[in-house]
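Here's a quick tour for anyone about to open this one in a viewer. Have a look at the coordinates first, then come back for the notes.

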Amino acid sequence: MDIIVCLKQVPDTEAEIRPTPDNTEINYEGIKFVINVYDEYAVEEALRIREKVGEGTVTIVTLGPERAVESIRTALAMGADKAVHLDDAAFLGGDANATARALAKAIEAMSYDIIFCGKQAIDDDLAQVGNILGEFLNLPSVTGIVKFDLSEDKKKATVQRQIEGGIEVLEVPLPAVFTATKGLNEPRYPSLPGIMKAKKKELKPVKLGDLGLNEGEVGKKGSLTQVLKYSLPPVRGAGKIVQGDTPEEKAANLAKLLREEAKVI
Amino acid sequence: MSAEVWVFAEQRDGKLRKVTLELLGKGRELADKLGVKLAALLLGSGVSDLAGELTSYADNVYQWDDPLLERYNSDIYLQLISHLAGKETPQILLAGATFLAKDLFPRLAGRLDTGIAVDCLNLAIGDDNLLVATKPLFGGKVLADVVCRKGRPQIALVRPNTFPPPSLSGASKGEVHKLEVSIDPDQVKLEVLEVVRAAKERLDLTEAEIIVTGGRGLKEPKNFRLLEDLADVLGATVGATRAVVDSGWRPQDDQVGKSGKTVSPKLYFAIGLSGAIHHIMGMDTSNVVVAINKDPRAPIFQYADYGIVGDLFEVLPLLTEELKRELAKG
């Protein structure tokens, strides 16, 4: 059972994110980077499947700058077997289409039964790379799964997907792409022996030329979409504190304000 | 090249989703600006009544009506829509940012080699008649205006409650095109075994107009009854913070916030919750926010249009009664 996990390094959720003064880029200065939280669920699920089946490999595939190595090592320390790092300036700054194209090209050359991604990266919040990757590899994809069960013969999976107010249960022949969301599992922390072992695990850098792609097909140049500008959302100013001497008065005043001023009820 | 503006008419249990109407309103505005027709895509089983309803809003209604389409299956929907898109070459395709659409349309974008923007908060026509989609990044800390330079249609999935539903003009009388449901069975790999929905009558958080969310200040799971009572009066949906969900007080389905659902209701009650950034990221596009908390320094008051500093156990039942009275006035 060979499982691939696409993993992205993203700014920590606590980080303060601002556009550059000209609003054309994001300012990443002084920011701490971590594994995308949804990708952690993906790594964990892959490890659990490999442990249950008792054989196979979990390979991390990451597209990102040099600093992403740190997050790759963390995934290896969690227990992944090896990693491929699409590490070339040409890959960077791409939209979902360009990123999925590079990932697909790298994965095409590998052996896989299951591909896991996070349902979205919490930086650009594109929420589409996994599905586009599936299309490029001509594989079905299922978005936002909260349960994964491998069949006895390991040829298919029964998965549960979150929908409005419920779940959808699907049977999917493998190989296929699944994107993970909260509820799938509780990711483990890397153990100390795991961290030691991770240092010796294979981490293969891949350059543009290795994939047989040209510059116009990946990264910023290969993108279909373009961000015209970044902006900060309108600030929600603090509103008014509803006055009243008693809880009764406060409740009555609020009801009145919602009705007459805000006109929302 | 017909270059229409398309709206995916999502339906469930024989009813159009509210976001579909919202997008038909916005879609009409975009289509008028571009001088093209507005079309609706309708897939399902026994949906001809809905097609009729859509003709009040759209110039063309593309209808696929077949028992095969009773349940959503992305492999099947994808084949039908990508085939028609190849033939009709629409320039824009809009859908609600629902669980269905977020599964289907990224796949369509990959298949048609075009761009898609998810969770959009605004749409406009910009230079070169391109669709400018405004979408949140970093959980809403930053917004981006995105255009799709190459690839058609330009696909945008818009959060429910972003645009007002259109008023019926009555003038537009669209034409229904009944399309053949021909599927290549070899390309249908997924099988939907079951759709399980909790037997709750309330709207999902992502589409609710009013949400009543509780945090740890509720002290015990059973106290969510107070929120349920308020929600009953308002026809609202009850939400919960991460702390509450992680404690097992409420199901994951109810979580509002970064690792839960992102919501944009017209009215949001934040009750007994402090307003951690993770939570704010999931609700700060709400139209009007009300906070009730006994701690006057709780960060949630920085985001609230109306705040009550007080004991929720006292205030909430009173507020429920007051609102019941207000609503009874009609």
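Two residues are taken to be in contact if their C-beta atoms, placed from the backbone, lie within 7 Å. Keep that in mind for the lists that follow, and remember that this is a predicted model. By that test, 66 residues of chain A are in contact with 77 residues of chain B.

**Where the chains meet**

- On chain A, the elements giving two or more residues to the side that touches chain B are α3 (96–108), α4, β9 (141–150), β10 (156–163), β11 (166–173), β14 (225–231), β15 (240–241) and α6 (247–261).
- The largest share of that side comes from α6(A), with 9 residues.
- Sorted by class, the side of chain A that touches chain B holds 35 nonpolar, 16 polar and 15 charged residues.

**One helix pair across the two chains**

- Helix α4 of chain A (residues 129–136) packs with helix α4 of chain B (residues 99–112) at an angle of about 40°, and their axes are 8 Å apart.
- Angles from 65 to 115 degrees count as roughly perpendicular and those under 35 as roughly parallel, so α4(A) and α4(B) are oblique to each other.
- The crossing of α4(A) past α4(B) is right-handed.
- On the α4(A) side, the residues involved are A:Asn131, A:Ile132, A:Gly134, A:Glu135 and A:Phe136; they meet B:Pro106, B:Arg107, B:Ala109, B:Gly110 and B:Arg111 in α4(B).
- The residues of this contact split into 4 nonpolar, 3 polar and 3 charged.

**Nonpolar cores**

- The largest nonpolar core has 144 residues, and the members touching the most other members are A:Val5, B:Ala40 and B:Leu42.
- What does B:Leu42 contact, once its neighbours within four places in sequence are left aside? The list is B:Ala9, B:Val47, B:Leu50, B:Ala51, B:Leu54, B:Val61, B:Tyr62 and B:Gln63.
- There's also a second, separate core of 48 residues, which includes A:Ala255, B:Leu203, B:Leu226 and B:Ile271.

**Chain A as a whole**

- Along the principal axes, the C-alpha atoms of chain A fill a box of roughly 70 × 50 × 40 Å.
- Of the 265 residues in chain A, 51% are buried.
- Take the contacts in chain A between residues at least 6 apart in sequence: 70% of them join residues at least 24 apart.

Key. Residues numbered from 1 in each chain as written. Chains lettered and ligands numbered in written order. Predicted model: local features only at pLDDT ≥ 70, side-chain atom pairs only at ≥ 80, totals over all residues. Axes fitted to C-alpha atoms, helices over the stretch in contact; angles between N-to-C directions. Helix = DSSP H or I, 4+ residues; strand = E, 2+ residues; numbered from the N terminus. Parallel < 35°, antiparallel > 145°, perpendicular 65-115°, else oblique. Left-handed = near helix turned anticlockwise from the far one by under 90°. Nonpolar A, V, L, I, M, F, W, Y, C, P; charged D, E, K, R; others polar. Core = buried A, V, L, I, M, F, W, Y, C linked by C-beta atoms within 7 Å. Buried ≥ 20, exposed ≤ 12 C-beta atoms within 10 Å, placed from the backbone.
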